[in-house]
Amino acid sequence: MDRQEFFALMMSSATPSFAKFPQAPEGVNPPVAEKIPHVTVLGGERRVDNYFWLRDKSKPKVKAYLDAENAYTDAVMKPTAELQKKIYKELLSHIKQTDLSVPYRDGEYFYYSRTEEGKQYPILCRRKGSVEAPEEVFLNLNELAEGHPFLGLGSAVVSDDGNLLAYSTDTTGFRQYTLRIKDLGSGQTHPEEMEKTGSVAWAADNRTLFYTVEDSAKRQYRLYRHRLGTPATSDLLIYEEADEHFNLGVGRSRSRAFLLQSAHSHTTSEWRYLSAREPEGEWRTIAPREHDHEYDLDHHGEDFYIRTNDRGRNFRLVRAPTASPGRENWQEIIPHRPEVMLSGLDMFRDFYVLFERERGLQEIRITEFRAPGRDGDASGRTRRIEFPEPAYALSPGENHDYQATAYRYNYQSLVTPRSVFDYNVTADKPTLLKQLEVPGYDAKGYASERLWATAPDGVPVPISLVYRQDRFSTDGTHPMLLTGYGAYGFPLSATFNSNLLSLLDRGCVFAIAHVRGGGEMGKVWHDDGRMMHKRNTFADFIACAEFLVAKKYAARDRVVISGTSAGGLLIGAAVNMRPDLFRAAILRVPFVDVINTMSDPSLPLTVPEYEEWGNPANQEEYEYMKSYSPYDNLAAKDYPTILVKTSFNDSQVMYWEPAKYVAKLRTLKTDKNPLLLKVNMNAGHGGSSGRYDALHETAFEYAFIGRTVGFIAD
């Protein structure tokens, strides 16, 4: 069947026959992991984990097992090799390989990044005084990546005078960054290096650098002060966070008047500040930490403006004098509103910007100060920027100039490519600076919708979806890729992804279930999907899938689901609870071994995330986690076709979680559907770091999807 015949069939009422999923060549069998019982006692129960041994990365048999899984997956997927090449070419055809970002002003320079065809990584550049000035390349990531299969850029912060760059890189994927200082005049790198660093901030003297470092569990727990030209071993420890629930961060206010240091857990925060002109001065606390009180801030004139949830989960806005910013001096500017989430704050000399969420959609509100350039009540004009599409995503742009008269923001949707706007505050006018060029794409041919499913407890759950209009009708025949996340209060936004065109152009529908546990509907939406309410996340997702099938957006036997990290937990729980509802599932770096991971405080993220998932040492929390943990709920029954992906150097979800999950499931599943494990041996949590390598990974997934649900016949 060629593509034209396939599209004609898709538009008919008949359901096309599925292409048979490729099986392994004769004599090639799935690996069988050795069972070595590891016994623990938890919650008054004797627990046996037969695959605990896979945690030992140093043992040759661990790598041998992962290599065997990769070989088996490659053998099963070998018949799709040409299809993968075809899809890769399609993905590549929708990318303008040589491109550059919109320049932004910071001090005397205009900064931007650009890409070159054939090169994996961006090149960071700047021009002095104007965008027509000669280009200066100040960091070429392609050069830094030479000799390394992976490269991650952590921090890249230029000093106030524009002469020095503090930047950090990771070459393994384990998020273990080395901080270096580069002289942008000479191009030489200073000899001092700081290891295992996180956030970075320069003081106003252009010679003092503050940075955080991690502990053995990868928690940012110490703040140091470095003096340019001195060895890192002599750096002064400024602060150490003893509470293992908290991570540290350091930065600068947009006004550049203050250095700001945060200590934050998943439910509580505390901030300290220091004049950027007095790097050896004493740090002062804004408001001491209180359990379940979160706040953040920015600076304007003689005040700090503070976003706080002290009087309601969705935050309010207050201000306090910089001389005495304690809570007793907080003056309310915008009250808490139960129906509106105040999610972000940006301060400028003449105006401030609020990011808000109402009914799951983002809004931007801009308020001018009464007397531009002077402190006072923000009683000037207020206006909201309107957005016409049913589902979209907003984010702040590069806004480094405190004295700016325009606000830069990024807009995109499932059908609108990423677009950079400047909003002129005085003229009340947005100007489109650049929209991502997508070769071979016409947005008019695609449509997005926003729907609402109903969870079992009656709560409406939003869904965003997109399809190609001339390849779609609500006849219940279409394949669908449904994804979700639902954790940490993180919103899974309706962003544009040109890769999806290879699915949409073949009649597939793409949908996002905005389930509880995420932040789409405010802080309460997060609360209702974490801790002892976590099962709401899975119920919401299943309800969304059932709704989309019932409304004939998808064929019941052609739904593929996918999730990444905590979203992988969602998918693992969903296929345990309703394996009959899904034709296939893709679990990327999935957090599936909940109880064992949350029982080991030595692992990265465990202790800080007691406030997200619970602590198995608590009997009630243990019982609840046991009720949904995917690894613990695998059973002898039929499962969908499953692809599990992980990375050997992942520091957030260790490779052994998905490896153990697959090993155990192989011994239990009663179906003959393929179960594949794909291990990237040279990457971390986000997969391959190079843009071309990442496209190959996507092509692999799409070939898996197409062969499973039968919408790719070639």
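Let me begin with a definition: when I speak of a contact, I mean heavy atoms within 4.5 Å. With that in hand, and keeping in mind that what we have here is a predicted model, we can say that among contacts in the protein between residues at least 6 apart in sequence, 57% join residues at least 24 apart.

Staying with the protein as a whole, the secondary structure comprises 13 helices and 38 strands. The radius of gyration is 26 Å, which is close to the 27 Å that the globule rule gives for 714 residues, so the protein is as compact as a globular protein of that length. If you look along the principal axes, the C-alpha trace spans about 75 × 60 × 55 Å, and of the 714 residues, 58% are buried.

Let me now turn to one pair of helices, α7, which covers residues 535-550, and α8, which covers residues 566-577. How do these two helices pack, and at what angle? Their axes lie 9 Å apart and the angle is about 70 degrees; because angles of 65 to 115 degrees count as roughly perpendicular, α7 is roughly perpendicular to α8.

I would like to finish with two residues whose backbone deserves a careful look. F315 has a phi near 75 degrees, which is a positive value in a residue other than glycine, and F315 sits in the loop between β20, residues 303-308, and β21, residues 316-321. Is F315 buried or exposed? With a relative accessible area of 3%, F315 is buried, because the cut-off for that class is under 20%.

The second residue is L605, which is likewise not a glycine and has a positive phi of about 80 degrees. L605 is found in the loop between α9, residues 594-598, and α10, residues 610-613. Here the relative accessibility is 27%, so L605 counts as partly exposed.

To put the two side by side, then, F315 is a buried residue in a loop between two strands, whereas L605 is a partly exposed residue in a loop between two helices, and each has a positive phi without being a glycine.

Definitions and conventions: Residues numbered from 1 in each chain as written. Predicted model: local features only at pLDDT ≥ 70, side-chain atom pairs only at ≥ 80, totals over all residues. Heavy atoms only, no water. Axes fitted to C-alpha atoms, helices over the stretch in contact; angles between N-to-C directions. Helix = DSSP H or I, 4+ residues; strand = E, 2+ residues; numbered from the N terminus. Parallel < 35°, antiparallel > 145°, perpendicular 65-115°, else oblique. Buried < 20%, exposed > 50% of the residue type's maximum accessible area, 1.4 Å probe, protein only. Rg over C-alpha atoms; globule rule 2.2 N^0.38 Å.
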